[in-house]
Every structure is written in structure tokens, then in C-alpha cells.
Amino acid sequence: MAEIKEVVDVVRECDLCGETNYVVEKIFLANEWDSVKKFYQSSKQMNPFQYLPNKFELLKCLNCGLMYVNPRIKDWVVNRFYDEYLSGKYEGYIRNYDSSFRETLFKEYFHLIKGFLEKNEEERTFLDIGCANGEFVKIFKENGYRSYGIEVAPLVAEKAKNFGEVFIGDVEFELKKLHPDSFNVIALVDSIEHFSSPRRTMELVYDKLKSSGVVFIETPNYSAGLDIMSRHFYLFSIATMEKMLNAIGFCILYNNYSSSIYNPTDQMKEERFIHVIAKKL
Ligand SMILES: [Zn+2]
């Protein structure tokens, strides 16, 4: 089984602007995989993770400033990790996924987003890309929306199905199947940094939003320095995020930093995440 060893792609082109000139901002050790590798060493099962390199580069585009990781782990490898991790397979090796804080946090996000919506829409629809257990899908549903999610990890997606319709599979593939001009709100909370082409994904998001629909994005802030890892293919600043959204045709309505303070197991930092809300023109 040769393909199990083919776990990364070399990346030399900026997803935002296409520039091929970059500087190596940092070389880092991918020790976030140590626990997964240990789990598989003890279970002796075939797995792709043992073939991951130990070192990755964080590159900075010399034209637009976007930060991206090289090489890039193939989607099927990362997707397999998330499915196994979120379903508790690595118990005892990696702390379990704790989503208890998310509902409180997402209620605040809902009220923030609501302030930017048109007041007179009759039928309201919401899509959460990377919906995990479906906490955000649930909150929008409780507030009168027809609520949908996309989730790559089948086992957690089953929980999300209690709150709305959930499409299970690769994000781009599932997005392409949806009708254009369908949603009032699309959210991407801690998901865009994992996509192989955020620009392509956001072009699809633009297409699926109704006119005057809004997108809400939360993603790690590069400058906070806490989220440099091989699974985060892209690290944004407010400036690079807005550049990408503007290039697609979005109009920026709001930006801010957030510490995501409800996650008790995470390291606190005031500006750990960026929040951007943008509108389809
Ligand atoms: Zn660039």
C-alpha cells in the first residue's frame, strides 16, 4: 500500500495572490503528532501519520503577506485524524475534545452576527462549515432559522444531526452541491485555517450566500503565536483575511480580536483569534 506513505504535498504558491516568491518565516517541529504516532505505535495498526515529516516551514508571501505551511498534509490524512480525534479514538493519548464551552460562546456570536443582518427577511437560513457537534446549528435553529451544517468527521456529525440538516464530507465537495443564493448567514469557526485553498472555499461561500448575506469567520491570529502547527495550513491576520475577502467581492462589516475565553483548556491570550464579518455585495 504505497499511497499510505504519500501524506504531504509541496506548496510554493500563495493561495491568495498566486505569488511564488516567499520567505521562510519559521521552521517548526510538528510535535502535535507525537501523541497520535505513539497511539499507533502501541496499537500496531497501519496508519499514515507515521510518515509525516518532523519539520515544517511557515512561509510568508512576499506580495500579500499571507502565511502558509509547507509541505501541506493531504486532506484525507487530516480528515482521518479529525474523525478519529473527535470520536475519542485517542483516549489516553490526547485530551478529549471538549465542546461544553462552545454553546455559551456561540450565543454571544449569534447576537453579534444578528446586528449585521437585514431586518425584513421572511425565511432565514444558516450554514455552519465545520459544525462539529452542531452547537451553532442548534442556536440558529432555536432562533427561527432553517439550520444546516457541513462536517468532515462522520461521528460528530451524527450529533449535529439532532439540530439541523448536516452534510457529511469534504467541505468544497459538499458546498458545490448546494444551490447558489441560499443562505442568510454562513459561519466558519476555526475551520478556514485547515482548508487547502481558503480562497476557493470562500468563493464558494460567496456563491451560496443570498445577496446581503453575511459570513462570520473565526480563525487563529498569526501574531498571537500560539497556533503555528502543521494542521493549520494558513495563518491569517485581520489584514490578510480582509484582503482575501475583498478580492472575492465581500464588503467588510466588522473585525476584532478574541480570546475565546470559554475554553478552559486553551491558553488564554487576548488576541488569540480574529473575528471578521463580511457581507455579499
Ligand atoms: Zn500572496
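Mentor: Gladly! Let us begin with a term: a crossing is right-handed if the near helix is turned clockwise from the far one by less than a right angle, and left-handed if anticlockwise. In this predicted model, H7 passes H8 in a right-handed crossing.

Trainee: Why are H7 and H8 called oblique to each other?

Mentor: Helix H7 (residues 198-208) and helix H8 (residues 238-248) pack at about 50°. Angles under 35 degrees count as roughly parallel and 65 to 115 as roughly perpendicular, so the pair is oblique. Their axes lie 10 Å apart.

Trainee: How do you know which residues of H7 and H8 meet?

Mentor: Contact requires C-beta atoms within 7 Å. From H7 come Pro198, Arg199, Met202, Glu203 and Tyr206, and they meet Met244, Leu245 and Ile248 of H8. By class, this contact has six nonpolar, no polar and two charged residues. Arg and Glu count as charged, and Arg199 and Glu203 are among the residues in the contact.

Trainee: What is the chain divided into?

Mentor: Domain 1 spans 2-86 and domain 2 spans 102-280. Taken over C-alpha atoms, their centres are 23 Å apart.

Trainee: How many residues of each domain are in contact with the other?

Mentor: In domain 1 there are 22, and in domain 2 there are 25. Elements giving two or more residues to the domain 1 side include strand E2 (22-29), strand E3 (55-61) and helix H2 (75-86). H2 gives the most, six residues. That side of domain 1 has 14 nonpolar, two polar and six charged residues.

How values were computed
Residues are numbered from 1 along each chain as its sequence is written. This is a predicted model: local features need pLDDT of at least 70, side-chain atom pairs count only at pLDDT 80 or more; totals for chains, interfaces and linings use all residues. Axes are lines fitted to C-alpha atoms, for helices over the stretch in contact, and angles run from 0 to 180 degrees between N-to-C directions. Helices (H or I, at least four residues) and strands (E, at least two) are DSSP runs, numbered from the N terminus. Angles under 35 degrees count as roughly parallel, over 145 as roughly antiparallel, 65 to 115 as roughly perpendicular and the rest as oblique. Two residues are in contact if their C-beta atoms, placed from the backbone, lie within 7 Å. Domain bounds come from an automatic or database domain assignment.
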